[in-house]
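Let's walk through a protein model together, one feature at a time. Keep the structure open beside you as you read.

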Amino acid sequence: MISLKKNNWFYKLYTWLPILFLYISVLNEFDLNYINIEYFSFNFPFLLIFYFAVKEYSRFDFLLVFIAGLINDTVVGLPLGISSLSYILVCIFASYLRNITIRPNLIKDWFYFLFIISLINSINYSVLFFFFSFELDIMFYAVNNFFTFLLYMPITYLFDKYLQAIND
Amino acid sequence: MASSRDDFIIAIRSAFLKKETKQKFSLLTLLFISILIIFLSNLNFKIINNLRSVINEVVYRSSFIVSVPENFAYNSYFKIIEYSNFYGEYKFNKKELDNLQSKDILNEIIISENKELKNLIEDFTLTTSKILAKVIVDHESPFLKTIIINKGSQDGLKIGTNVYDKNYLIGRVIETNFKSSRVLLLSDLNSSVPISITPGNIQAIVIGDGENSGEIKYIKDNLLEDIQDQSIGYTSGTGDLFKSGIPVGRLSVDNGRVNINFYTDFTQLKYVFAEIEKKEIDSDKIITQVDEGTSLEKSTEVIKLKLLNDQIKILNETNNRFIEENNNLVSETKNLNIENINLKQVIKKQTDEINQNKIDQKELEFLKLNFLYSSKCQKRGFKKGYKVGTPEYRKCILSRGKF
């Protein structure tokens with residue numbers, strides 16, 4: 001296994017990887033949320049934020065998540081604050097889950113995640129449609145929701161490996 | 001029951017209000033800030049707009065930098081594909097170029113005809129200048145099919161400015177910052193373009209389908225049948241949103257549904273043209289108030305003067321060359337004249353020599369014949385003849401002794 005010395009600069013960079021990934025995913029033109037494949041897309045920031053908020057990762061500053069949301073809105077062209085609201089709501093629900101859970105269960109987390117992304121996407125859709133008069137494709141939301149839910153398991157596995165490498 | 005409710009409340013309070021380790025703000029604070037930002041961004045205050053422009057500038061540039069590796073990989077892939085198809089494309093392009101060149105001539109004729117017609121109806125002509133802009137962010141989003149370009153209000157772009165790829169319309173500016181703008185593409189769900197369909201001159205509106213094509217909507221039902229497959233759609237100019245006569249795409253009819261395939265592939269945009277328009281009014285026909293102090297006009301005048309100076313410079317240079325050439329020609333003419341005179345003299349001399357030679361030959365002939373026929377022609381005693389040296393004698397000798 002990879003062993004990292006804790007005073008090493010590489011280790012420090014490694015601990016900031018989740019935030020780094022979050023920023024790259026919102027700043028990059030190639031967005032996993034809007035892949036140019038018909039009936040396939042998933043919301044990577046939701047998965048990342050939910051996982052690290054549940055795991056109470058020390059480097060995962062909510063203010064940085066909030067700023068990432070603002071950047072995402074600017075890049076995508078959504079009204080400023082919409083993504084920040086979504087990301088902060090994910091953090092709130094994840095924090096609630098962490099506080100309420102005594103014995104963590106992956107399957108329960110998984111379905112809880114489905115519930116919260118459905119709720120947040122519904123809020124998103126409603127705000128954009130009713131308040132900002134955006135013409136939106138509801139099928140996109142359904143497909144995106146479904147694949148985000150499906151990919152929770154493999155991505156959780158990868159993130160677990162990442163945390164394991166840090167803790168070792 | 002009561003304890004489970006307490007747990008719930010504690011969990012809620014903890015989730016919302018408790019600041020975790022190393023967290024600077026509680027989630028509730030951030031939630032309120034998000035909602036506040038949504039409301040503020042919807043208000044049209046100058047300070048908010050300026051702040052938003054600054055944020056946009058920073059984020060767009062950052063996004064461009066972050067996307068460099070991805071764009072490099074993407075472009076490399078397309079370059080490899082391009083090289084592998086190079087020869088085929090070359091042949092195709094050559095053929096296409098021939099066709100386009102012939103069409104170009106036709107277009108020039110149509111443009112000049114159009115200008116003449118506009119002058120006839122005493123209309124103003126629009127002088128447009130297209131400025132090249134680089135696409136700095138091309139974000140594939142289902143909500144908004146938009147691109148960010150590196151030209152903004154400082155370059156003269158404003159909301160509604162038409163944007164082109166080559167000569168094809170691709171969209172219009174919906175948001176301007178100082179040095180960047182957001183362009184709403186024609187394929188967006190929120191985009192609607194009034195078009196004319198030819199043949200038939202049918203008026204319709206194209207709505208983007210959120211993918212890479214559009215759909216013909218808002219057309220009279222009885223006209224729907226008149227639309228032919230592969231018809232051409234170009235902007236009608238209705239509503240003054242887009243300039244008229246710009247090619248948009250080719251139509252395809254599929255089970256009563258009419259789609260439009262745009263000429264431009266929106267996923268491959270790298271550089272675009274933004275058209276800045278200014279009205280040029282014919283001063284002889286229409287009296288207008290012209291603001292002479294605008295920097296735009298000043299710069300136009302400066303450009304015109306520069307062009308005229310350049311033209312004068314070129315004319316002077318050409319004139320000097322002509323004078324020099326003329327002098328050379330004059331001296332060359334003189335030389336040729338002298339040569340001509342010399343040659344004439346030589347010819348005269350030669351002609352004289354030839355004439356002398358001819359005379360000598362005639363004299364020689366006479367002497368030869370004289371030797372043979374002098375006895376026949378000479379007068380002796382009672383013999384009939386002529387006196388030697390007379391012209392008759394000479395004639396008799398030349399006619400070989402015949403009288």
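Cys377(B) and Cys396(B) form a disulfide, with 2.0 Å between their sulfur atoms; the term stands for a pair of cysteine sulfur atoms within 2.5 Å. Over all chains, the count by this rule is 1 disulfide. Cys377(B) belongs to helix α7 (residues 295-377) of chain B and Cys396(B) to helix α8 (residues 391-398) of chain B, so the link ties together parts that are 19 residues apart in sequence. Helices here are DSSP runs of H or I with at least four residues, strands are runs of E with at least two, and both are numbered from the N terminus. The angle about the S-S bond is -80°, and the link of Cys377(B) and Cys396(B) is left-handed.

Before going on, a word about where these values come from. This is a predicted model, in which local features need pLDDT of at least 70 and side-chain atom pairs count only at pLDDT 80 or more, while totals for chains, interfaces and linings use all residues. Residues are numbered from 1 along each chain as its sequence is written, chains are lettered from A and ligands numbered from 1 in the order in which they are written, and side-chain values use heavy atoms, leaving out hydrogens and water.

Buried means under 20% relative accessible area, exposed means over 50%, and partly exposed lies in between, using a 1.4 Å probe and protein chains only.

Now look for charges. There are 3 salt bridges over all chains, each a side-chain nitrogen of Lys or Arg within 4 Å of a carboxyl oxygen of Asp or Glu. Glu363(B) is partly exposed at 35% relative accessibility, and Arg394(B) is partly exposed at 31%.

Arg394(B) also lies over the face of Phe366(B), at 4.3 Å from the ring centre. A charge sits over a ring if NZ of Lys or CZ of Arg is within 6 Å of the ring centre and within 35 degrees of the ring normal. Lys130(B) lies over the face of Tyr164(B), also at 4.3 Å from the ring centre.

Another salt bridge joins Glu57(B) and Arg61(B), whose closest N and O atoms are 3.6 Å apart. Because they are 4 residues apart in helix α3 (residues 46-66) of chain B, about one helical turn separates Glu57(B) and Arg61(B).

Finally, turn to chain A, which has 8 helices and 0 strands. Of its 168 residues, 58% are buried. Ring pairs link Tyr14(A), Tyr51(A), Phe52(A), Phe60(A), Phe159(A) and Tyr162(A) into a cluster. Rings of Phe, Tyr and Trp (its six-membered ring) pair if their centres lie within 6.5 Å; planes under 30 degrees apart count as stacked, over 60 as edge-to-face and the rest as tilted.
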